[in-house]
Amino acid sequence: MGRTARAGPMTRKQVHLAAHFPGVNNTTVWADPRSGSQIDFASFVDLARTAERGKFDFFFLAEGLRLRELKGRIHDLDVVGRPEALTVLSALAAVTDRLGLGGTVNATFNEPYELARRLSTLDHLSEGRAAWNVVTTSDAFTGENFRRGGFLDRADRYKRAAEFLRLARELWDSWQPDAIAADPETGTFVRPGGIGTVEHSGEHFTVQGRFTLPRSPQGRPVIIQAGDSGEGREFAAAHADVIFTPHGRLEDGQRFYADVKRRLGKYGREPHQLKIMPGVTFALGDTEEEAAENAAVIRRQQVGPQTAIAFLEQVWGRDMSAYDPEGSLPDVEPDLSEGVSQGRVPIKDRAATAAKWRALAEEKGLTIRELVIEVTGRQTFIGTPETVARLIDEHVQADAADGFILVPHLTPGGLDEFADRVVPLLQERGAFRADYTGTTLRDHLELA
Amino acid sequence: MTLHLAVALDAAGWHPAAWRESSPAVFSAGYWAALVAEAERGLLDFVTIEDALGPQSTLPDGFDDRTDQVRGRFDAVLLAARLAPLTTRIGLVPTATTTHTEPFHVAIGIATLDHVSGGRAGWRAQVSPRAAEARHFGRKEFPPLDQILNRPGGVDLSTDPHVRDLFAEAADAVEVARRLWDSWGDDAEIRDVATGRFIDRDKLHYIDFAGRFFSVKGPSITPRPPQGQPVVTALAHARLPYEFAAGGADVVYVTPHSAEQARAIVEEVRGLSGDVKIFADLLVFLGEDAARRKARLDELDGTELVSDAAIFTGTAGELADVLLEWRRAGIQGFRLRPGALPYDLTQIAQGLTAELRGRGAFRHAYEAATLRGLLGLPRPVSRFAEVS
Ligand SMILES: Cc1cc2nc3c(=O)[nH]c(=O)nc-3n(C[C@@H](O)[C@H](O)[C@H](O)COP(=O)(O)O)c2cc1C
């Protein structure tokens, strides 16, 4: 189906779009009066239906299995609290028809038999719309919530994930495609030999037995990968259908895109088999000035005074609460002995980061809050709907991405304007579907 | 006084040959949606959904290679979530094992079911004693269950060390789930713009559970569910599971085969807990031709149906007599296992409920919006709540 779209007279590369349900980071603005519940199912339904109205490829949920801490206490400034991803996606399958349903689930703190079964269930119950974002993030801090604790070194986590995925595939493939006869005439429910035996013995798993579900509509759910290290990219090249990346800007995106697509050959795969989708934010306005103003307001909402100090503390590794966020950066040195933040992706080189921040603050004369707004800003697309549609299309045509995962700053209404004003313009440009042409997420993503 | 009525949903019904008469699409959401809608029309308290981490089998342990029975089933928690938006009042009680799962994942899954259903979630906590299922995880060596069952002295597993451990682990898993559900105060989310705080961290609690089988730090990642704590249920046939249910569950399903046995079981369970709601399980074939239908299915299956629960065949009126008699023995509710779906479910949801209503023993309308409300269970106060 996807093939014919590509080979037709209009050879324009098609944009893929996903909707990130916002939450649990300072991108999500909860103080805005329009901000609704982050946990009521109604919020999930609202955002998912907007995404489906906008003909998005899929709806996406992140995961974190332990609440973040700063200075040994639960971080209380950002949105906290979320449902179990696959359970809420299964409920969403009941109120949507076409929208893909992607959930982040950590490979380190799950067992293949159980998770493969849950993913297959979601694929059945959604008639082929399930996706799994395989992450390996968490460490011993998260491990404290699980049976086996923090039992894996960083280097081993992708090895476990790769073996996990191979085993999951064995399980998904273990029933013959026509295993279910369900023929009351002959009394045959399962065809003889329809259910295969899985015998897996590897470094991380030894599994022997039979799976509990027939092949799901997609055969196997869509696999998403979201790490950025060399190992992460290699894992994606070998196993993933979609990459979720932070590289949303044009040149940076092109570099990442070329790097990852180049890796595919090694695994006998072709470039179109892996879709690259950076996570991006956007701010719209009727004029460019209004959009820029809206963007600035959102940034100030995202980085309130307390959040600015909290960011400083993550880099400086010490209590900075005595300082005025609207004042200038104090002259204290960072404490590099240990980090004070837990449950976040760690900042790689805190000494260098601190030096860079200080230089920037001095050069531009920024207050603490202004500095944090400047250095943490990741707003990608700012402008009128025409501008944003054009930029998105240009990024995709220029091979900086195959599409984007949109991270709205408001729950649940944060995608309304995008769906109503930007999507029609993308459609006019011939860069985005006018309607779904297939039923499964693999169809939407043009994956065979 | 209203009687509580639940139905246990599994594949095409509890007779292994049931699929041969109705040929239902058991792997489609629509099939399940129709069943739960029927149960809700009948104003039943809740449905349970069976599950296990391995395919169905006629053997006590291991795959049997039979091709004439339903094999395969969905993850019950996800199936219950899929049904939640399609219903408004009926409780949804999936089965999830305590043996191979992560208690943290199960707790947030059930909490999420409670959020998406607006307070209608329950959990049937079940142990998985089978070696065949353990081999799907490869972490624990289990003795083959048929060996345990065939031990001289009968099938009381209560003294088997392996089985004792499984129940001790299950008790810990339920305890952890309840602590995680309590780990967020009901009013933890404050959205205090002045101080920039989304939550009041003093209302989030580490649960610091450390037991023989696992430890869990907490707090949950999922805010406290609408019911405070979803309803925990367990099936129990003997002393050890009675103890587990009395200690950890809100509802216990027991399997008497007569009013007399019912009375004895109620007495034994009541000796362990004054609070737990006692439901009796019954496998039922309803209607004028119930016995003939069952016989026909037995013949198709090549053997007479056996079950841990008593098997009833008869009319809705006759079943109502039995239920009311057992109620006099102290049984507070029933979990009926329909022999064949959707037929016996329809007989329950329409015929039986009408009979019971006629005798003033069943509701005319849902009187509460949550499962706890329907069962007359109070919403628990969090154990971490300040008593000031
Ligand atoms: C855009 C993006 C989104 C991510 N989302 C999550 C998430 O929701 N949950 C999580 O545990 N990790 C998340 N991660 C991190 C993990 O995907 C990844 O396993 C981690 O970064 C370690 O891999 P790496 O060393 O390859 O980066 C995300 C990463 C990226 C780049």
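How many bridges join strand β1 (residues 4-9) of chain B to β13(B), and in which sense do the two strands run? The first legend gives the reply.

This is a predicted model, in which local features need pLDDT of at least 70, side-chain atom pairs count only at pLDDT 80 or more, and totals for chains, interfaces and linings use all residues. Residues are numbered from 1 along each chain as its sequence is written, chains are lettered from A and ligands numbered from 1 in the order in which they are written, and side-chain values use heavy atoms, with hydrogens and water left out.

**View 1. Strand β13 of chain B and its two parallel pairings.** Strand β13 covers residues 333-338 of chain B; helices (H or I, at least four residues) and strands (E, at least two) are DSSP runs, numbered from the N terminus. Strand β1(B) is joined to β13(B) by 4 bridges, and the two run parallel; strands pair if DSSP finds at least two bridges between them. Within β13(B), Phe334(B) stands opposite Leu5(B). Strand β11 (residues 277-286) of chain B also pairs with β13(B) in the parallel sense, over 6 bridges, and here Arg335(B) of β13(B) stands opposite Asp281(B).

**View 2. Packing of helices α11 and α12 of chain B.** Two packed helices are described by the angle between their axes and the distance between the axes. The axes of α11(B) (residues 316-328) and α12(B) (residues 343-358) come within 9 Å and cross at roughly 55 degrees; axes are lines fitted to C-alpha atoms, for helices over the stretch in contact, and angles run from 0 to 180 degrees between N-to-C directions. That angle makes α11(B) oblique to α12(B) (angles under 35 degrees count as roughly parallel, over 145 as roughly antiparallel, 65 to 115 as roughly perpendicular and the rest as oblique). The crossing of α11(B) past α12(B) is right-handed; a crossing is left-handed if the near helix is turned anticlockwise from the far one by less than a right angle, and right-handed if clockwise. From α11(B), Ala316(B), Gly317(B), Leu319(B), Ala320(B), Leu323(B) and Leu324(B) meet Gly351(B), Leu352(B), Glu355(B) and Leu356(B) of α12(B), where contact means heavy atoms within 4.5 Å. The residues of this contact divide into 7 nonpolar, 2 polar and 1 charged (Ala, Val, Leu, Ile, Met, Phe, Trp, Tyr, Cys and Pro count as nonpolar, Asp, Glu, Lys and Arg as charged, and the others, Gly among them, as polar).

**View 3. Packing of helices α3 and α4 of chain A.** Helix α3(A) (residues 85-93) packs on helix α4(A) (residues 112-125) at an angle of about 15 degrees, with the axes 9 Å apart. The two helices are therefore roughly parallel to each other, and α3(A) passes α4(A) in a left-handed crossing. Leu86(A), Thr87(A), Leu89(A), Ser90(A) and Ala93(A) of α3(A) make the contact with Leu115(A), Arg118(A), Leu119(A), Leu122(A) and Leu125(A) of α4(A). The contact residues comprise 7 nonpolar, 2 polar and 1 charged.

**View 4. Packing of helices α13 and α14 of chain A.** Helices α13(A) (residues 385-397) and α14(A) (residues 416-428) pack at about 55 degrees, with their axes 9 Å apart. This makes α13(A) oblique to α14(A), and the crossing is right-handed. Pro385(A), Glu386(A), Val388(A), Ala389(A), Ile392(A) and Asp393(A) in α13(A) meet Phe418(A), Arg421(A), Val422(A), Leu425(A) and Leu426(A) in α14(A). These residues divide into 8 nonpolar, no polar and 3 charged.

**View 5. The β9-β10 hairpin of chain A.** Strands β9(A) (residues 198-201) and β10(A) pair in the antiparallel sense over 4 bridges, and the hairpin has 4 residues between the strands. Glu199(A) has Gln208(A) as its bridge partner in β10(A).

Methods. Buried < 20%, exposed > 50% of the residue type's maximum accessible area, 1.4 Å probe, protein only.
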